[in-house]
Amino acid sequence: MYPKWKILIAILMAASVLLSSCGGKTATPATETAEPVSEPTATESVVVPTRGDVLTVAVSYAPPSLDPGVGEPAFEGFITPAYDALLKINPSDGAIMPSLALTWNWVGTDFKTFEMELRSNVLFSDGSEFNAEAVKAWLEFQKANASVTATNIGLDYAEVTGPLSITLHLAQPNSLLPRLLTRNWISGAIACPAAVTNPDLVATATCGAGPYMLDTANTVTGDTYTYIPNPYYWDPDAIHWNKLVLKVVANPQSALDALRTGQVQLMSGDGTIVDPAVAAGMTVTGVELNVMGLNFLYKDGTAVPALGDVRVRQA
């Protein structure tokens with residue numbers, strides 16, 4: 001399986017509140033552009049980024065679980081506000097970039113051994129330490145439970161080679177691993193060690209190393225998901241909102257009505273809502289979305305003889 005890109009329509013309110021890059025593709029605001037507020041001192045000016053109050057996003061469906069180990073890319077917008085991934089994708093050119101892993105490389109040429117050096121001084125939202133042991137525990141736990149994450153990665157075992165150094169040994173070659181370890185596929189989202197010993201912890205709550213954490217007291221499963229800043233986040237300047245609310249509105253017209261009246265500031269929809277949105281004075285933009293496909297890497301039949309026959313591949 002491999003990722004491609006397609007366009008999903010997102011509707012933004014013209015002259016709306018400033019937006020940030022905190023969530024998933026169907027519910028992710030754009031980069032904040034407000035002028036920073038500076039407070040001069042005797043020796044220097046300290047730049048304090050402005051932070052919006054509340055961003056409310058209308059989404060068309062609710063996730064069956066918030067557990068990143070079992071999460072599908074379709075529900076990424078609910079999961080990744082609370083979970084930075086090991087790697088990320090540059091939206092301008094699709095290149096793989098550092099995130100919780102600062103450096104990475106393949107060992108050898110068989111795409112079965114993958115080394116990473118992790119970011120230091122990172123804590124999960126419960127205050128526990130993000131390190132190589134935490135990554136190993138989470139990924140091997142996924143393997144033991146044959147989760148979606150485990151299927152994507154194909155891990156044989158993880159080897160800790162230093163406090164922030166880890167090597168993933170794969171059961172089969174997987175040249176797409178760096179892309180699968182990004183937020184777009186969720187498989188690079190690492191939950192805290194407590195989620196390994198108590199998996200139910202992250203089914204209806206969050207425990208990650210992302211900019212936000214679920215406010216369970218103000219969340220109604222299947223209806224409203226409220227996120228507040230993670231007090232331990234390693235890059236606090238990247239937290240652009242005091243509160244992020246994902247509101248489930250199944251009907252696109254109802255979501256557009258909520259956008260018109262200011263109940264939400266962002267919504268996602270399909271092509272049928274574009275003309276009404278433009279007519280209502282909204283700004284329409286496309287965002288990237290994962291789709292799944294099947295790629296035959298060995299069409300000559302060396303791995304599976306039957307695949308050497310074009311009729312089999314077409315079937």
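Tutor: Start with Cys 192, which has 0% relative accessibility and counts as buried. Keep in mind that this is a predicted model.

Student: How do you know that Cys 192 counts as buried?

Tutor: Buried means under 20% relative accessible area. Cys 192 is at 0%, so it counts as buried. Cys 207, at 3%, therefore counts as buried too.

Student: What makes Cys 192 and Cys 207 a disulfide?

Tutor: The cut-off is a pair of cysteine sulfur atoms within 2.5 Å. The sulfur atoms of Cys 192 and Cys 207 are 2.1 Å apart, and the two form a disulfide. A search of the whole structure finds 1 disulfide.

Student: Why is the disulfide of Cys 192 and Cys 207 called right-handed?

Tutor: The torsion about its S-S bond is about 115 degrees, so the disulfide is right-handed.

Student: Which parts of the chain does the pair link?

Tutor: Cys 192 is in the loop between helix 4 and helix 5, and Cys 207 is in the loop between helix 5 and strand 12. They are 15 residues apart.

Student: Why is Asn 121 called exposed?

Tutor: Exposed means over 50% relative accessible area. Asn 121 has 73%, so it is exposed. This residue lies in the loop between strand 9 and helix 2. Its phi is positive, about 60 degrees, although Asn 121 is not a glycine.

Student: And what makes Ala 146 exposed?

Tutor: Its relative accessible area is 61%, so Ala 146 is exposed by the cut-off of over 50%. Ala 146 lies in the loop between helix 2 and helix 3. Here too phi is positive, about 50 degrees, in a residue that is not a glycine.

Student: Which residues of helix 6 are buried?

Tutor: They are Ala 255, Leu 256, Ala 258 and Leu 259.

Student: How do you know that they are on the same side of helix 6?

Tutor: They cover an arc of only 160 degrees around the axis, which puts them on the same side of helix 6.

Student: What makes the approach of Asn 251 to Gln 253 a polar contact?

Tutor: The cut-off for the N or O atoms is within 3.5 Å. At the start of helix 6, a side-chain oxygen of Asn 251 reaches to within 2.8 Å of the backbone nitrogen of Gln 253.

Student: What follows helix 6?

Tutor: Gly 262 follows, and its phi is positive, near 85 degrees.

Definitions and conventions: Residues numbered from 1 in each chain as written. Predicted model: local features only at pLDDT ≥ 70, side-chain atom pairs only at ≥ 80, totals over all residues. Heavy atoms only, no water. Buried < 20%, exposed > 50% of the residue type's maximum accessible area, 1.4 Å probe, protein only. Helix = DSSP H or I, 4+ residues; strand = E, 2+ residues; numbered from the N terminus. Arc of directions from axis to C-beta. Polar contact = N/O pair within 3.5 Å; in protein donor to acceptor, adjacent residues only side chain to side chain.
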